[in-house]
Amino acid sequence: MTDIILDSATHDILLVNGSPQLHNLKKSALGQRLKIALLLRRSEWAPNINLGVPYQSQIFQLKNNKAFVDSYFETYIANVGGVDAVVAYSSEVTRGRQLIINFTVRTTSGEIVTIDIGEDDAINI
């Protein structure tokens, strides 16, 4: 699947000489799609309010512990189109109450993709 490349720091469309750039590799397009899937909050995108992670309504509830959140995200990641399996997953809650996620998936074509949702993109709790 081809996709427009987003700048990894600003998440804006990457333009070269005024033209949007396209991913040449399925692996990089899937990596971008996974990052978007995790950073999009449910009800944030008006055309489809059911798209995204339900952070406020389900994830960040007092009754949920880290094991629940990790299980939810591993399942959520595994269900993104193009993912065959989650190979590795880890997460950390920082002192600043941010969730940092690192994971590796195997694509349906057998490639390995590693994603780091680090402090710059961390999910605020």
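This is a short tour of a predicted model, stop by stop. Residues are numbered from 1 along each chain as its sequence is written, and side-chain values use heavy atoms, with hydrogens and water left out. Local features need pLDDT of at least 70, side-chain atom pairs count only at pLDDT 80 or more, and totals for chains, interfaces and linings use all residues.

**Stop 1: Leu14.** Select Leu14, in the segment before strand S1 (15–16). Strands (E, at least two residues) and helices (H or I, at least four) are DSSP runs, numbered from the N terminus. Leu14 has 31% relative accessibility, so it counts as partly exposed. Buried means under 20% relative accessible area, exposed over 50%, and partly exposed in between (1.4 Å probe, protein chains only). Now show its contacts (heavy atoms within 4.5 Å). Leaving out residues up to four places away in sequence, Leu14 touches Ile5, Leu6, Asp7, Ser19, Pro20 and Gln21.

**Stop 2: helix H1.** Select residues 26–39, which form H1. Which residues of H1 are buried? They are Ala29, Leu30, Gly31, Gln32, Leu34, Lys35, Ala37 and Leu38.

**Stop 3: Lys35.** Stay in H1 and pick Lys35. Lys35 counts as buried because its relative accessibility is 16%. Beyond residues up to four places away in sequence, Lys35 touches Ser8, His11, Ile117 and Asp121.

**Stop 4: Ile4.** Finish at Ile4, in the segment before S1. Its relative accessible area is 33%, so Ile4 is partly exposed.
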